[in-house]
Amino acid sequence: MELPAVTDDLDRAAHDLDEYGLCLVSGALAGVDLDEVHGRLYAAADDDLASGARQTFAMDNPADGSNTRVWNLLNRGWCFVQLAEHPAAMQLLRGLLGWPLQLSNISANITGPGGGEMVFHADQLYMPQPWRGPQGANVLWMADDFTEANGATRVVPGSHRWNRTPGPDDMGIDTVPLEAPAGTMCVMEGRVWHRTGNNVTADQRRGGIFAWYTIPIYRTQENWFLSLDPIVAQNASDTMLELLGYKAAGLGLVNGRSPR
Ligand SMILES: O=C(O)CCC(=O)C(=O)O
């Protein structure tokens, strides 16, 4: 079982998405400052800790205190808005899922030393089966180097072809760590089996930013209309307004018209 090679060729990446269910794109942060992304992500995590809003989200092990989830990153810095509508991500998502799409959620998962692995899952697990194709895709932005030791996401390349969510008998299946340098973008379609890896380092945190997009017939995980800072919506591009459902066609109308 192998991963596709990291590439900066988006045609190659689209081919990898089809073949492996995921692709790795290098230098994808062009136009967005990785240091800023990294700094703002950890500042947001520290703010949540200081204010008592910190959440751990290890899914199968909520008591895993070494894990931190930072929700709704759009409110935590404009660089995250730029990531959520990044042209390279948009190109790959359009090719995979078509358009319009919605941004369901953008959050970060930070594993800390001693962090345990997450339950094995495919992101479209809440969508009716049998699956006939991808209904969504996760775009993972690596804010740190991802290594096997610091809990790189573990994936099963090719598992999208099985068209089902993993069951209890699948938990022991072989996985590969998504190892790549900070700044790499991984697009992983919604049927790919994966989980957070164990962080066995003594002192390294691993921050991954996960933007989950779906075709717009499902509810969004984040309720943007209640939680989005109005300043973000006021300054958003047309693409971002569409991704958030503030600009719509067919569904999500107000009195038969697009809200914006
Ligand atoms: O943190 C990770 O590596 C994976 C997170 C994940 O799978 C999820 O949030 O659905």
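Which residues have the most contacts inside the largest nonpolar core?

**View 1. The largest nonpolar core.** In this predicted model, local features need pLDDT of at least 70, side-chain atom pairs count only at pLDDT 80 or more, and totals for chains, interfaces and linings use all residues. Residues are numbered from 1 along each chain as its sequence is written. The largest nonpolar core has 57 residues, and L22, A84, V187, I209 and A211 have the most contacts inside it. Such a core is a set of buried Ala, Val, Leu, Ile, Met, Phe, Trp, Tyr and Cys residues joined through C-beta atoms within 7 Å. Buried means that 20 or more other C-beta atoms lie within 10 Å of a residue's own, exposed means 12 or fewer, and partly exposed is in between, with C-beta atoms placed from the backbone. In soluble globular proteins, nonpolar side chains tend to be buried together.

**View 2. I209 and its contacts.** Leaving out residues up to four places away in sequence, I209 touches L41, L73, L83, I106, A108, L140, W141 and A143. Two residues are in contact if their C-beta atoms, placed from the backbone, lie within 7 Å.

**View 3. Around the ligand.** Look here for N109, M118, D123, T153, H194, T196, G208 and F210, which surround the ligand; a residue is near a molecule if its C-beta atom, placed from the backbone, lies within 6 Å of it. This shell divides into 2 nonpolar, 5 polar and 1 charged. Here Ala, Val, Leu, Ile, Met, Phe, Trp, Tyr, Cys and Pro count as nonpolar, Asp, Glu, Lys and Arg as charged, and the others, Gly among them, as polar.

**View 4. An open sheet of 3 strands.** The strand order is β6-β5-β8, with antiparallel pairing. Because β6 (176-177) and β8 (194-195) stand at the edges, each with a single partner strand, one side of each is left without a neighbour in the sheet. Strand β5 (residues 154-155) is joined to β8 by 2 bridges, and V155 stands opposite H194 in β8. Strands (E, at least two residues) and helices (H or I, at least four) are DSSP runs, numbered from the N terminus; two strands pair if DSSP finds at least two bridges between them.

**View 5. Two cis peptide bonds.** One runs from W99 to P100, with omega near 5°, and P100 lies in the loop between α4 (87-97) and β3 (102-111). Another joins Q129 and P130, with omega about 5°; P130 lies in the loop between β3 and β4 (136-142).
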